[in-house]
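Dear colleague,

Please find below the structure that I am handing over to you. My findings follow it.

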Amino acid sequence: MKTRLLFFAGLIAGALAVSLPASAHHAWHGYDMDHVTTVKGTVTQFDWGNPHVWMNFDVKDGQGNIEKWASGGPSPSRMANTGWDKNTLKPGDQITAIGHRISDGTYSIRLEKIILPDGRELICYGER
């Protein structure tokens, strides 16, 4: 009886250990999903890699100080379905980033789309 109880306790603990990181990974927990933030900046890095595409960009505040922003989107395959590829952005490109800022006040945003200087809009997640 004790062996059976230990077996089931271990089975449940193992299932929780596997499932909790997966759900936390996709929750975008901590981002203000009720408000949209828009910032204009200059791309400093574009990482087209799994599991998520990431980019960094510099934004000038009202006093001319540089804010170092980071933004994340979905997987490269999902973004490719909306017109992105590994050459879409490069350091020095000017963008307007639109998304949901993290609630802790740091310069991080869950990217929904960007607007390029020529007015083209590239969405990240497709239609909802």
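The chain exposes about 8,300 Å², of which carbon and sulfur atoms supply 57% (Shrake-Rupley method, 1.4 Å probe). This is a predicted model, in which local features need pLDDT of at least 70 and side-chain atom pairs count only at pLDDT 80 or more, while totals for chains, interfaces and linings use all residues. Residues are numbered from 1 along each chain as its sequence is written, and side-chain values use heavy atoms, with hydrogens and water left out.

The chain contains 2 helices and 6 strands, in the order α-β-β-β-α-β-β-β; these are DSSP runs (helices H or I, at least four residues; strands E, at least two), numbered from the N terminus. Of the 128 residues, 34% are buried (under 20% relative accessible area; exposed is over 50%, partly exposed in between; 1.4 Å probe, protein chains only).

The structure holds 4 aromatic pairs (ring centres of Phe, Tyr or Trp, the latter by its six-membered ring, within 6.5 Å; stacked under 30 degrees between planes, edge-to-face over 60, tilted for the rest). One of them, Phe57 with Trp69, is stacked, at 6.3 Å centre to centre and 10° between the planes. Phe57 belongs to strand β2 (residues 54-60) and Trp69 to strand β3 (residues 66-72), 12 residues apart. Both Phe57 and Trp69 are buried. The rings of Trp69 and Tyr107 have centres 5.2 Å apart and planes at 35°, so this pair is tilted. Trp69 has a relative accessible area of 3%, whereas Tyr107, at 35%, is partly exposed.

Yours sincerely
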